[in-house]
Amino acid sequence: MSLRSPMGRVLGKGAAKDGTDHWWSQRISAVALIPLTLWFLFSLLALPDLHYETVRSWLALPINTLLAVILVAVLAFHSNLGTRVIVEDYVHARATKIAALLLLQFLYVLVAGAGILAILHIALGS
Amino acid sequence: MPARARPLSPHLQVYRWQMGSTLSILHRLTGLVLALGLLPLTFWLAALAGGARTYGIAADLFASALGQAGLLGWSFAFFFHLLNGVRHLMWDAGYGFEQGQRRLSGWLAAGGAAVLTLCVWALIWHGAHA
């Protein structure tokens, strides 16, 4: 006999109230990051040099702009999911934990926003 | 809030170091290192958007001894987290749980990360002196 309520069993979300969302999001973003990060690394390595004009004109190509924006967004998303768990595991004082999680969340939006803005500025400007 | 000390699990140092726990800790550690690496990456992108002068400042920073050491550590963290992440995805799919398979994939992740890091830096060094 299960001690779980019929409602709880139907929803299947457990104590965290979000079921397997976090787990799945982490795996899907992980799979997406395999080609994205390798593309970024080896594209930069394949450039003849890393001078200002070279890198800028490479990033301004539409396909590179698109992939770079996706890379920054998924990188920040995956990283946010991971660091969030680290805080949840090691920070136990409630107020400190909430403050740390909020700060992390804001920082990630800020960093991802700045990165995407920079890429779009390069692609659309000049 | 707790009225009296409650029983705790044995402390970390009573456990023998094993490959499973070591690589697991390393996976989290490299993930954290990579998360911190988002800051220099964003800084580099913003500098590139800012113009030739700001890009030059960023390029000088990355070319400094500290910058190169950071990039070296970051590249190893990247390759290890990538390979060990694939190892985790294989487990998630239900493969590779046997003792021998776990050891082999563990060595492949750690050794592969070291080899790939060396290869990439050999490539960079070769490019810089070609």
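A helix, as the word is used in these legends, is a DSSP run of H or I with at least four residues, and helices are numbered from the N terminus. The model shown is predicted.

**View 1. The largest cavity and the helices that line it.** A search of the whole structure finds one cavity of 30 Å³ or more, and the volume of the largest cavity is about 40 Å³. Three helices each supply at least two residues of its lining, namely α4 (62-90) and α5 (94-124) of chain A together with α1 (19-50) of chain B. Among these helices, α1(B) gives the largest share of the lining, four residues.

**View 2. The residues around the largest cavity.** From chain A the lining takes V72(A), A76(A), V111(A) and A112(A), while L38(B), L41(B), T42(B) and L45(B) belong to the lining from chain B.

**View 3. The aromatic pair W44(B) and Y55(B).** Over all chains the count comes to ten aromatic pairs. In the pair of W44(B) and Y55(B), the ring centres are 6.2 Å apart and the planes stand at 55°, so the pair is classed as tilted. Because W44(B) lies in helix α1 of chain B and Y55(B) in helix α2 (residues 52-63) of chain B, the pair ties together parts that are eleven residues apart in sequence. Both W44(B) and Y55(B) are buried.

**View 4. The aromatic cluster.** One aromatic cluster is formed by W39(A), F40(A), Y52(A) and W58(A) of chain A together with W44(B) and Y55(B) of chain B.

How values were computed:
Residues numbered from 1 in each chain as written. Chains lettered and ligands numbered in written order. Predicted model: local features only at pLDDT ≥ 70, side-chain atom pairs only at ≥ 80, totals over all residues. Heavy atoms only, no water. 1 Å grid on protein atoms, 1.4 Å probe; cavity = no way out; pocket = protein on both sides within 12 Å on 5 of 7 lines; lining within 4 Å. Points joined across faces, edges and corners; volume = space filled by probe spheres on them. Phe/Tyr/Trp six-rings, centres within 6.5 Å; stacked < 30°, edge-to-face > 60°. Buried < 20%, exposed > 50% of the residue type's maximum accessible area, 1.4 Å probe, protein only.
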